[in-house]
Amino acid sequence: MAYRTQKEKQLADSLTQETQRQATAQTMAEEELFSFAEYDPGKAEKTGYSDYSYWKSTFAVFLRNKTAVFLLCLMAALLLFTFIQPYLPGQRPATLINNDPVTGMQMANRPPDSEFWFGTNSIGQDLWSMVWSGTRTSLFIGFAVACVEAVAGILVGTLWGYVRKLDVVFTELYNIIDNIPQTIVLILLSYILRPGIGTLIFAMCITGWAQMARFIRNQVIIIRDRDYNLASRCLGTPTKRIVLRNLLPYLVSIIMLRMALAIPSAIGNEVFITYIGLGLPVDTPSLGNLINTGRQLVTSGMEYQLMFPTIVLSIITISFYIIGNAFADAADPKNHVF
């Protein structure tokens, strides 16, 4: 019996020592992990600071989309080359008619070779220079239409959605414009006015702004009565400041998307108007003129005259569509959570 008591005493002592050892080790570990920090007023102020930047976050999200970044670089290179191409050595003017130095005859409908990379057209003009000159013309039309539609659409759409007294006026104006097919307007204006770049831009812009204005108006109606806008009006904030500071920042993604889509749409309209014979004069290179000429020769074994301008047009259209959608998603603050 004494022996059992002695064993129990030893076991109890061992358990007590082991418990003390573990407690000591835990205390030492906690002291290593945690320590009291000294108070620093400068660091205390930084705890409430955020280095969030809307545009920085927007570009960070956009750069994560590798396809959109690649197409953006491709479009930047294409735009740069389009404008510097006439100044590169060995380039022929787009409207120059090339004659054979031996026979003096026009080098017409010559297939692509080392001298004429894209071949020549029916009167001996270099299609390489024609394509890039036409791309410059079509891109200028596209950017001009997109900018005019953006300015008019944003201005009208914001006033339409925010100022309730103007709702009836702009609604009736929109109904009138919307009930007239845009194709009819393009055809009539192109037929009545003198053919030219200015005529095409005017014809596209006279109705094109309405769709963007309606879209902006619907978005403004959604956010105009939110608490911060009501508070701003109660504090006497001018309408201009509310629109610029409270409304438009929320519409950046929508505006960029609509502008990106307006560029290829304007180029497509230019191709269509030229296709029906009411576009730019034949002596003005454009993608519409080149495609219209090429489609007439596609069954004559000269499909290259249609292929090259169509490829350039397809690259521009697809690139702007993907870039616009990617930037619209990146500009949405809901996607700025990393």
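## Helix packing, cysteines and one positive phi

Helix 7 (residues 182–192) packs against helix 8 (residues 197–223) at an angle of about 150°, and their axes are 9 Å apart. That makes helix 7 roughly antiparallel to helix 8 (angles over 145 degrees count as roughly antiparallel). The crossing of the two helices is right-handed. Helix 7 contributes Gln182, Val185, Leu186, Leu189 and Ser190 to the contact, and the residues from helix 8 include Phe202, Met204 and Ile206 (contact means heavy atoms within 4.5 Å). By class, this contact of helix 7 with helix 8 has 8 nonpolar, 5 polar and no charged residues.

This is a predicted model, in which local features need pLDDT of at least 70 and side-chain atom pairs count only at pLDDT 80 or more, while totals for chains, interfaces and linings use all residues. Residues are numbered from 1 along each chain as its sequence is written, and side-chain values use heavy atoms, with hydrogens and water left out.

The count of disulfides is 0 (a disulfide is a pair of cysteine sulfur atoms within 2.5 Å). For Cys147, the nearest cysteine sulfur is that of Cys205, 9.4 Å away.

Asn109 lies in the loop between helix 4 (66–84) and helix 5 (127–162). Its phi is near 50°, a positive value in a residue other than glycine. Most residues other than glycine have a negative phi.

The table gives relative accessible areas (buried is under 20%, exposed over 50%, partly exposed in between, with a 1.4 Å probe and protein chains only).

| Residue | Relative accessible area | Class |
|---|---|---|
| Cys73 | 48% | partly exposed |
| Cys147 | 42% | partly exposed |
| Asn109 | 28% | partly exposed |

Technical notes: Axes fitted to C-alpha atoms, helices over the stretch in contact; angles between N-to-C directions. Helix = DSSP H or I, 4+ residues; strand = E, 2+ residues; numbered from the N terminus. Parallel < 35°, antiparallel > 145°, perpendicular 65-115°, else oblique. Left-handed = near helix turned anticlockwise from the far one by under 90°. Nonpolar A, V, L, I, M, F, W, Y, C, P; charged D, E, K, R; others polar.
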